[in-house]
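Reader: Please show the sequence and the structure, so that the surroundings of the ligands may be discussed.

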Amino acid sequence: MPANAVVIGVDSSTQSTKAAFTDAETGRLLAVGRAPHRVSGAGGARETDPEGWWAALAEAVAAGLKELDGLGVTAPAVTGIAVAGQQHGLVVLDRAGTPLRPALLWNDTRSAPQAASLTEALGGRDAWTARTGSVPVASMTATKWQWLRENEPAVADAAAAVRLPHDFLTERLAGVAATDPGDASGTCWYSTATGAYDPVLLDLVGLDAALLPPVAPTGGTRVGSLTAAAAERLGLPAGIAVAAGTGDNMAAAVGLGLGGAGLLDHPVLSLGTSGTVFAATRTRPASAALAGFAAADGTYLPLACTLNCTLAVDKVASLLGLDREAAEAGGEVVLLPYLDGERTPDLPGASGLLTGLRHTTTRQQILGAAYEGAAVTVLRALDEVLRACGQDPAAPDTAARPLRLVGGGAMGRHWVETVRRLSGRPLLIPSSGELVALGAAALAAAAATGEDAVALATGWGAGSGKELPAVERDVEAWERVSSVLGRASGSLLGW
Ligand SMILES: Nc1ncnc2c1ncn2[C@@H]1O[C@H](COP(=O)(O)OP(=O)(O)O)[C@@H](O)[C@H]1O
Ligand SMILES: O=C(CO)[C@@H](O)[C@H](O)COP(=O)(O)O
């Protein structure tokens, strides 16, 4: 790697693209360019035009280059690029690589009926986890493809290529089709047991394997070089290394130095559009209670994901006319903010539920209850993630491991306070707010040098930050929310 080499890690998530220009030697974040995404759709629909992601990537890179220019660093210093993308989305392309329709996103719940019928068709939940590590809920790509076949057969028939969001962007960069085990493991047609696409599952959903990209060994594998056309569009040097990239949660793990060459079995909570809990581990997960993903580096990433986290809480704040930090804990009110339906628990048709209002209830308490509802919903899966790592959640050494907090919400005071109070665990808040982009930057550096991405990120110390000691767990608030969640009737939650 030349001295002063720069690598670009791209985080193409639900709401925005961030391009992190990173010193390849030290991991120092030199500049971050950003550009928003447009998500459309009412009811259960959530769609984004993949061309919008490509335009946002170009805009974010341009903004980053402008910022770099101020530091006296120029584009020729860039030696590699990798994309980490929102997981699961279905991108269908024609022969020229043009999207045939907007992408169906991970939080589009219209394929819930297909998820149920596919689960049954293979012989139930355990039959799926034995092959893929996961049960096909509405987020998974296979259910979206099945929805497309049933609802827009002409589009499905015309598809010349099927991609995940990050694969689509990698192909725009390198001109070659490629994916990685991490993001592939969220499709439900890739087997974490064999490390390959599963012919039985492809047959079940009528998908020709030739439409899918080859799976690179790791997210940090160099799959190609930046094409002349992409270089011109982005203002970057042609020929620089393009990594396979991965899913956004897998990239956050890399950025935190979690994986085979780093720390294993340390839990993470990500607070973004989705709430996720996960850990990198060596044992292949196969519990129906979790998504049993692969990590980007050959290890595994047992994970639970909720559909309603920061965006849902921000919506409640705006309905109440409050700043997101104006929340208060306390009172009897419980709010399950399932504005987008829910995935964990699997209630795709759910809507929000507010209960326990009194004359004394304040707007601030209602907002506090939205944080609590979102936090309890995702934290309920933490013990299952730890068990998938072979840990006893109650054991003192497990309880002493800090819960790493990432995603946009980790920058919020009330989010941190709520998670600390409800988990009763020590927290680690990394000083960088861009762990997904930094993880992608480590994949880019790995592709440029041939080194291991997790080892590189560990050397960068990207995951280090402020540790907050545990506070006594607020069992009363936990029980208040859990008991409403346990008792709420189907009709109240709308499924
Ligand atoms: N300073 C902040 N305090 C609390 N929340 C924040 C702050 N900044 C951003 N957020 C939250 O972060 C979310 C975006 O996080 P991010 O992880 O980038 O989402 P995604 O990956 O889903 O696109 C927004 O919905 C917003 O609520
Ligand atoms: O579906 C999942 C994980 O299985 C989500 O975590 C998506 O990967 C979207 O992530 P964010 O936009 O919330 O970062």
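Reader: How many residues surround ligand 2, and which are the closest?
Author: A residue is near a molecule if one of its heavy atoms lies within 4 Å of it. In this predicted model, 15 residues surround ligand 2. The closest are Thr14, His88, Asp248, Ser274 and Arg343.

Reader: On what conventions do these names and values rest?
Author: Residues are numbered from 1 along each chain as its sequence is written, while chains are lettered from A and ligands numbered from 1 in the order in which they are written. The model is predicted, with local features needing pLDDT of at least 70, side-chain atom pairs counting only at pLDDT 80 or more, and totals for chains, interfaces and linings using all residues; side-chain values use heavy atoms, leaving out hydrogens and water.

Reader: How far is an oxygen atom of ligand 2 from an N or O atom in the side chain of threonine 14?
Author: A polar contact is a pair of N or O atoms within 3.5 Å; within protein, one must be able to donate a hydrogen and the other to accept it, and residues adjacent in sequence count only if both atoms are side-chain atoms. For aspartate 248, a polar side-chain atom lies 2.7 Å from an oxygen atom of ligand 2. For threonine 14, the distance from a side-chain N or O atom to an oxygen atom of ligand 2 is 2.5 Å.

Reader: What percentage of the area that ligand 2 exposes when taken alone does the protein bury?
Author: Accessible areas come from the Shrake-Rupley method with a 1.4 Å probe; for residues, only the protein chains shown count as cover. An N or O atom in the side chain of asparagine 249 is 3.0 Å from an oxygen atom of ligand 2. Taken alone, ligand 2 exposes 370 Å², and the share buried by the protein is 95%.

Reader: Which helix supplies at least two residues of the shell around ligand 2?
Author: Helices (H or I, at least four residues) and strands (E, at least two) are DSSP runs, numbered from the N terminus. Strand β17 (300-306) supplies at least two shell residues. The helix that also does so is α10 (248-255).

Reader: Which residues are the closest to ligand 1?
Author: Ligand 1 is surrounded by 15 residues. An oxygen atom of ligand 1 is 2.7 Å from a side-chain N or O atom of lysine 18, and one is 2.9 Å from such an atom of threonine 310. The closest residues are Lys18, Thr273, Thr310, Asp314 and Gly408.
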